[in-house]
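Here is a short report on one protein model. Look at the sequence and the fold first, then read on.

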Amino acid sequence: MRVLNEHVTRYHRWCTPSILPDQERVDDFYASDVSISAGFFGTLVDHTGIFAEAEAFAAAAQGADRTMFSVHGSSGSNWIVLRTLALERSDALVLVARNIHHSVINAIKAFGLDFRFIPTPYEPRFEAVLPPSVDDVLDALTRYPEALAVLYTSPTYEGLAANTRAIARAVHAASDHAMVIVDEAWGGHLRFHPELPESAMGAGADICVQSTHKLAGGLQQTGLIHWKTARVDSELMEEAYREYVTTSPSYHLLASADAAVRTLAARGEDELGRAIERTVELKDALHARIPDLDRMDDPAWIAGHGDRIGGCDLVKTTVGLSRYALSGYDVAKALVARGIVIEKAGLHTITLITTFQLGPDAVPETVTRCTTSSPAIAFRATRASRCPPIRSARSTTGR
């Protein structure tokens, strides 16, 4: 408790959760805690009362036919979706991209489903498995026409969005039963700003799961499951939900997810516009001070992968450090010691998320702490010709 009260707010947190500062909040967290015994609210598992109202609003806001709330994050939501497939067909085959979350593979194994990987390339400069292309998906579907679903992550952890509209159109044309399922854990905010990549529901996917806490304004663990009813059996989805969802959900978490959706629906374009502007400020400042960083949002690089990248999340900053003799882990560790927390570090990459709650001093202080004299983060001092940039490679990892 002391750590949460006294220490967390001392850091500039370029990491989840991204909390909307002005969304409606519970006045007294402890005094208002309540259980499902307060049935006059309605019930979560039966989708009645205030829960039905919240689900209907979220579905309309995200362009879905149906929505259910989750207090298990996208990991739990993936289990519910895979259980739905297992209830529909116990021997179902699922085509999965290599960028899927481990919860998908764990659920597939637990439910006895079959799966095949869709071959997709790896980009070593940014330590990223790229999204599948339409051709990747259709080739897999041609080999396995019995597949019940195609499942991939978009946007990726690094911020790359797939061409979901083209994929959904192609899958629906090629199969009269296959569903397009998108793990959109990192994309709960996409629908609310015109400059962001198209959302999964908006692009024609059949099912998507979202983590509200990541980039859509909610508290940790909050999430949403959206679907279109044309190819999805809603009764089976509800049955899978009842099997998995806790019988003691936190109404505070649920309220947080509901408030986040309503705030984004009302003011999302303004809130996200400020976050996008701050991201541009960060990128420009970093590359002015540290010019040899590899930029994942480089237009030429994106255009070279246009068959599989439909856009970039404009509130994420992923850069490569291959021209420097230090790792992303070194940078992350040193930054924490100087009051900066980033979202992700790799051998030669770092990823920062521009969260809603970052203050106006976050960018200059972060850039300064990255570039001022320090044995751990001396970018300019560790720049080394003996460490040339790792070149892009289209090595297929799907075999």
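This is a predicted model: local features need pLDDT of at least 70, side-chain atom pairs count only at pLDDT 80 or more; totals for chains, interfaces and linings use all residues.

Residues are numbered from 1 along each chain as its sequence is written, and side-chain values use heavy atoms, with hydrogens and water left out.

**The sheet**

Seven strands form an open sheet with mixed pairing. Their order is β2-β11-β10-β9-β7-β3-β4. β2 and β4 (114-118) stand at the edges with a single partner strand each, so one side of each has no neighbour in the sheet. From one strand to the next, the twist averages 20 degrees. Strands are DSSP runs of E with at least two residues, helices are runs of H or I with at least four, and both are numbered from the N terminus. Two strands pair if DSSP finds at least two bridges between them.

**Strand β11**

β11 spans residues 223-227. Five of its five residues are buried, so the rest of the structure largely encloses this strand. Buried means under 20% relative accessible area, exposed over 50%, and partly exposed in between (1.4 Å probe, protein chains only). Gly223, Ile225 and Trp227 point one way from β11. Leu224 and His226 point the other way.

β2 (residues 66-70) runs antiparallel to β11, with five bridges joining them. β10 (residues 207-211) is also antiparallel to β11, again with five bridges. The table lists some facing residues.

| Residue | Opposite residue in β11 |
|---|---|
| Arginine 66 | Tryptophan 227 |
| Serine 211 | Glycine 223 |

**Helices across the sheet**

Helix α3 (residues 73-88) lies across β2, β3 (93-97), β7 (149-153), β9 (179-183), β10 and β11. It runs at about 160 degrees to β10. Helix α5 (residues 134-143) lies across β3, β4 and β7, at about 145 degrees to β4. Axes are lines fitted to C-alpha atoms, for helices over the stretch in contact (heavy atoms within 4.5 Å). Angles run from 0 to 180 degrees between N-to-C directions.

**The cavity**

The structure holds one cavity of 30 Å³ or more. A cavity is a set of points, on a 1 Å grid over the protein atoms alone, where a 1.4 Å probe fits but cannot get out; lining residues have an atom within 4 Å of a point. Which residues line the largest cavity? They are Ser18, His189, Leu215, Leu272, Ala275, Val315, Thr354 and Phe356.

Definitions and conventions: On a 1 Å grid over the protein atoms alone, a cavity is a set of points where a 1.4 Å probe fits but cannot get out, and a pocket is an open set with protein on both sides within 12 Å along at least five of seven lines; lining residues have an atom within 4 Å of a point. Grid points are joined across faces, edges and corners, and a volume is the space filled by probe spheres set on the points.
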